[in-house]
Amino acid sequence: MTPTIFIDTENKSTAVDGIVLAPLTRRVHIGWVSGSVSSHTIRRRDQIRFYLRHLMMDETLSYGTWCNFVLDNQI
């Protein structure tokens with residue numbers, strides 16, 4: 001089983017319910033508020049940069065904006 005990192009954004013975002021990062025496979029799974037789930041492959045450094053900003057509680061971090069970035073920059 002691939003190790004994953006789950007980020008609960010239900011109370012922090014109006015667009016995204018949750019984000020699952022799978023660094024070894026470079027996959028990101030996004031649970032949208034609409035109920036749909038999408039899965040994308042992105043660069044590992046983008047995952048790490050996002051996760052560090054999340055851990056540091058960066059107030060300028062927008063989960064919805066980052067998910068749209070993933071949609072635009074998927075490999």
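Predicted model: local features only at pLDDT ≥ 70, side-chain atom pairs only at ≥ 80, totals over all residues.
Local features need pLDDT of at least 70 and side-chain atom pairs count only at pLDDT 80 or more, while totals for chains, interfaces and linings use all residues. Residues are numbered from 1 along each chain as its sequence is written, and side-chain values use heavy atoms, with hydrogens and water left out.

Let's start with the helices α1 (residues 44-55) and α2 (residues 63-72), whose axes come within 12 Å and cross at roughly 180 degrees. Helices here are DSSP runs of H or I with at least four residues, and strands are runs of E with at least two. Axes are lines fitted to C-alpha atoms, for helices over the stretch in contact, and angles run from 0 to 180 degrees between N-to-C directions. The two helices are therefore roughly antiparallel (an angle over 145 degrees). Where they meet, D46, Q47, F50 and H54 of α1 are in contact with Y63, W66 and F69 of α2 (heavy atoms within 4.5 Å).

Now look at α2 by itself. Its buried residues are Y63, G64, W66, C67 and V70, where buried means under 20% relative accessible area and exposed over 50% (1.4 Å probe, protein chains only). They cover an arc of only 160 degrees around the axis, so they sit on the same side of α2; the arc is that of the directions from the helix axis to the C-beta atoms. On the other side, T65 and D72 are exposed.

Finally, visit T41 in strand β4 (residues 37-41). T41 counts as buried because its relative accessibility is 15%.

Conventions:
Parallel < 35°, antiparallel > 145°, perpendicular 65-115°, else oblique.
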